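Here is a short report on one chain. Look over the sequence and the model before reading on.

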Amino acid sequence: IMVYRGYRLFSELPMKNKFFGIRTDDLKKCVINSSVSYLFRSESDLYFNGMQSILFAAGIIGLCLLFCIYSLLFMGNSILGKSLILLLLLLSCMSQVYLSYLMVICTAIPAFNKFILFDCYEKNRLLYKKRLSKWW
């Protein structure tokens with residue numbers, strides 16, 4: 001029920017809030033006035049999974065920007081970086097990982113792999129290639 005109620009509540013939001021997100025105080029009012037209010041114990045029962053939290057906080061535009069960032073991290077990353085990004089995506093669909101320590105870890109390691117380690121690897125590879133060409 002917790003997975004279903006967030007998307008159902010999101011579908012009842014005004015179009016402006018679907019695109020740009022909604023504040024927590026306004027979300028509490030929407031919970032009270034929604035047709036799925038019976039699924040919430042109280043208006044302060046705002047537990048949603050990671051995807052729903054992003055949709056409510058930043059809207060469709062924010063979710064698209066986040067997907068763009070993670071797709072850029074995914075492309076050209078190591079198998080460790082790719083698996084951590086997929087793990088974060090999978091866990092975001094099931095539980096609340098938005099702005100948690102798990103999100104930081106699953107973002108920092110792929111970013112470190114892509115922008116620091118890969119950069120050093122490419123420089124060393126080119127240097128090694130240049131040294132080999134001197135010998136041959």
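## Where L46 sits

Where in the chain does L46 lie? L46 is in the loop between α3 (24–33) and α4 (50–74). The model is predicted.

L46 has a relative accessible area of 22%. Buried means under 20% and exposed means over 50%, so L46 counts as partly exposed. Leaving out residues up to four places away in sequence, L46 touches T24, L27, K28 and V31. V31 is 15 residues from L46 along the chain. Their C-alpha atoms are 8.6 Å apart.

## Overall build

The chain has six helices and zero strands. From the N terminus, its elements run α-α-α-α-α-α.

The chain has 136 residues, and 32% of them count as buried. Its accessible surface is about 9,100 Å². Carbon and sulfur atoms account for 70% of that surface. Take the contacts between residues at least 6 apart in sequence: 66% of them join residues at least 24 apart.

## Nonpolar cores

The largest nonpolar core holds 15 residues. L9, L27, F40, F48 and F56 touch the most other members. Two or more residues come from each of α1 (2–11), α3 and α4. The largest share, five residues, comes from α4.

F48 is in contact with G6, L9, L27, F40, S53, F56 and Q96, leaving aside neighbours within four places in sequence. A second, separate core has eight residues, among them Y70, L73, L84 and L88. In soluble globular proteins, nonpolar side chains tend to be buried together.

Key:
Residues numbered from 1 in each chain as written. Predicted model: local features only at pLDDT ≥ 70, side-chain atom pairs only at ≥ 80, totals over all residues. Heavy atoms only, no water. Helix = DSSP H or I, 4+ residues; strand = E, 2+ residues; numbered from the N terminus. Buried < 20%, exposed > 50% of the residue type's maximum accessible area, 1.4 Å probe, protein only. Contact = heavy atoms within 4.5 Å. Areas by Shrake-Rupley, 256 points an atom, 1.4 Å probe, with all protein chains shown as cover. Core = buried A, V, L, I, M, F, W, Y, C linked by side-chain atoms within 4.5 Å.
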